[in-house]
Amino acid sequence: MKFEKVLEGRRSIRKYKETPVDHEVLKRLIKAASYAPSWKNSQCPRWYVVTQDHILAELKQNALPPVNQAKVEKAPCLIVAAFEEKLSGIGTEPGVYANEVGEGWSYFDLGLAVENLCLEAYRQNLGTLIIGIRNEEVIRSILKVPASQQIVAVIAVGVPDIEPKMPARHKIKETTVFVE
């Protein structure tokens, strides 16, 4: 599939078929995420890939609000996206951030990796939904996420049961300043 088609075709999917996702395909998604750039190659993203039925059910019911539970009800996989703290944004002195963005670079790095994951999912004919409203304490408890990691999002992955249209996009002139 051409890269431009992947960029234009990926959508947030809010309805899934109950079709399982092959474990090897899930590994490809994580591999694609690992190719994302990161601050000084810090590779701070961490992934928790959940496909086991009883853990999926527990996460959906206890870690997501009802509005998102309904959107991912049949999704056969949830991936929790987290990052290891105090790796990105560090300057030449250990533990000292290089600029005012500080730990924000970890969020940036994780975002780049999540985008790679979602684009590869689309290339594999899968859909994704990035969920930011989640119960961090419940996720941390169920998946035993260490305190040194910041949980950012839950990503539903599965075979889409809908084909949403592309929402309107801003024109380049509305978002960009060319300094010439």
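**Aromatic pairs in the model**

By pair I mean Phe, Tyr or Trp rings (for Trp, the six-membered ring) with centres within 6.5 Å; planes under 30 degrees apart are stacked, over 60 edge-to-face, and the rest tilted.

Quick caveats: this is a predicted model, where local features need pLDDT of at least 70 and side-chain atom pairs count only at pLDDT 80 or more, while totals for chains, interfaces and linings use all residues. Numbering runs from 1 along each chain as its sequence is written, and side-chain values use heavy atoms, leaving out hydrogens and water.

Let's take Trp39 and Trp105. Their centres sit 4.9 Å apart with 50° between the planes, and the pair is tilted. It links distant parts of the chain, 66 residues apart: Trp39 is in the loop between α2 (23-34) and β1 (45-50), and Trp105 is in helix α5 (residues 104-123).

Buried or exposed, what does Trp39 count as? Buried, at 17% relative accessibility, whereas Trp105 at 22% is partly exposed. The cut-offs: buried is under 20% relative accessible area, exposed over 50%, partly exposed in between, with a 1.4 Å probe and protein chains only.

Next up, Phe83 and Tyr107: centres 4.8 Å apart, planes at 75°, so that one is edge-to-face. This pair also links distant parts of the chain, with Phe83 in strand β2 (residues 77-84) and Tyr107 in helix α5, 24 residues apart. Phe83 is buried at 1%, while Tyr107 is partly exposed at 41%.

Technical notes
Helix = DSSP H or I, 4+ residues; strand = E, 2+ residues; numbered from the N terminus.
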